[in-house]
Amino acid sequence: MFRLACYAGIVFAIYWFGFRDGCGTKGALACPPPELEEGIGVTLDAREVCPGSGYLCAQGRNFQVVRWGLDKGRLRVRVPPVEFLQGESERKVRAAVVEGIKAWDRKPFPIVIDDGNYTLRFWDIRVVWTQGLNNHALGQARVNWKIDGKRMKMETDGMAVVIPPAAASGFNEGMHEYIKAVTMHEMSHALGIMWHSDSTRDIMYPQILPNTMAQLSERDLRTVEALYELPNGAMVQ
Ligand SMILES: [Zn+2]
């Protein structure tokens, strides 16, 4: 009997912590109209979509809308300890990354940061720490999607942030801004922006330049906003 009660408790806990956080729950987004999340099969005219949408159409005027469903209500981001750093540097690197992630809070999703030691697997995006990537990139966000009826389901494998070796010894304000800027850039990819901006003022310019500031431009914000105004899965032509 106790065992059964235990199982029931576990099932309830999974429900409570895992699923009871969709749209319409406390602190989450309001539930979107169904047609906004059932865009497979819908075709939109690029001449209407592209103007005033930041660099949304920089990838060409022919693309599919791939983004998180607004009915998720919020996004959970797992920020695990940096395994190859200790003490002060570890805390500072993690703090810079958390700031970069939080820059996207409520744009559009409320973001819940999960940085505890023990966690259930209910995150949407997981930070992966690395000291270098094969392609010399500064970070990488891997996005997958699958189609389920009229719905587009987006997932991420992980969001890699490269931590330069210097972070262990000489952590300073410049390092903080740099790591934060890389994180903000990768978070935008993780939100569904799979291309780059041609303006050095935007965080989605493909490089971090010496004068890159860790801040989102109006255009960065407008581009993500425009993506989330389109029916998920729709084709833009
Ligand atoms: Zn990029």
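Which residue is the bridge partner of Thr130 in β7? The partner is Val162. The legends below describe close-up views of a predicted model.

View 1. Five strands are arranged in an open sheet, in the order β4-β3-β5-β7-β6, and their pairing is mixed. The edge positions belong to β4 and β6 (residues 139-148), each of which has a single partner strand, so one side of each is left without a neighbour in the sheet. On average, neighbouring strands of this sheet are turned by 20° against each other, direction ignored. Helix α4 packs on the sheet and touches β3, β4, β5 and β7, and the direction of α4 makes about 160° with that of β4. Helix α6 lies across β5, β6 and β7 and runs at about 15° to β6.

**View 2. Strand β5 and its parallel partners.** β3 and β5 run parallel and are joined by 2 bridges; in this pairing, Ile125 of β5 is the bridge partner of Val77. β5 also pairs with β7 in the parallel sense, here over 4 bridges. Val127 stands opposite Met159 in β7, and Thr130 has Val162 as its bridge partner in that strand. In a regular strand the side chains alternate between the two faces of the sheet.

**View 3. The hairpin of β6 and β7.** β6 and β7 run antiparallel and are joined by 10 bridges. Asp148 has Arg151 as its bridge partner in β7. The hairpin has 2 residues between the strands, and Gly149 takes a positive phi near 65°.

View 4. Helix α4 comprises 16 residues, 87-102, and reaches 23 Å from its first C-alpha to its last, close to the 22 Å expected at 1.5 Å a residue. Its buried residues are Val93, Arg94, Ala96, Val97, Gly100 and Ile101. Seen down the axis of α4, these buried residues fall within an arc of 155°, so they line one face of the helix. An α-helix has 3.6 residues a turn, so residues three or four places apart point the same way. Gly87 and Glu88, on the other side of α4, are exposed. The elements covering the buried residues of α4 include the strands β3 (75-78), β4 (111-114), β5 (125-130) and β7 (151-162), together with the helices α5 (166-169) and α6 (173-190).

**View 5. The largest nonpolar core.** In soluble globular proteins, nonpolar side chains tend to be buried together. The largest nonpolar core of this model has 43 residues, and those with the most contacts inside it are Val93, Val97, Met159, Val161, Ile163, Ile179 and Met184. At least two residues of this core come from each of β3, α4, β5, β7, α6 and α7 (218-229). Helix α6 gives the most to the core, with 7 residues. Ile179 is in contact with Val93, Ala96, Val97, Val161 and Ile163, when its neighbours within four places in sequence are left aside.

**View 6. Val79 in the loop between β3 and α4.** Val79 lies in the loop between these two elements. Is Val79 buried or exposed? Val79 is buried, because 22 other C-beta atoms lie within 10 Å, and the cut-off for a buried residue is 20 or more. Not counting residues up to four places away in sequence, Val79 touches Arg94, Val97, Val98, Ile113, Asp114, Asp115 and Val127. Val79 and Ile125 are 46 residues apart in sequence, and their C-alpha atoms are 8.9 Å apart in space.

**View 7. Arg222 and its contacts with Ser53 and Gly54****.** Arg222 is found in helix α7. Arg222 is partly exposed, because 16 other C-beta atoms lie within 10 Å, a count between the limits of 12 or fewer for exposed residues and 20 or more for buried ones. Leaving aside its neighbours within four places in sequence, Arg222 is in contact with Ser53 and Gly54. Arg222 and Gly54 are 168 residues apart along the chain, and their C-alpha atoms are separated by 5.7 Å.

Methods. Residues are numbered from 1 along each chain as its sequence is written. This is a predicted model: local features need pLDDT of at least 70, side-chain atom pairs count only at pLDDT 80 or more; totals for chains, interfaces and linings use all residues. The expected span of a helix is 1.5 Å times one less than its number of residues. The arc is that of the directions from the helix axis to the C-beta atoms. Two residues are in contact if their C-beta atoms, placed from the backbone, lie within 7 Å. Two strands pair if DSSP finds at least two bridges between them. A nonpolar core is a set of buried Ala, Val, Leu, Ile, Met, Phe, Trp, Tyr and Cys residues joined through C-beta atoms within 7 Å. Axes are lines fitted to C-alpha atoms, for helices over the stretch in contact, and angles run from 0 to 180 degrees between N-to-C directions.
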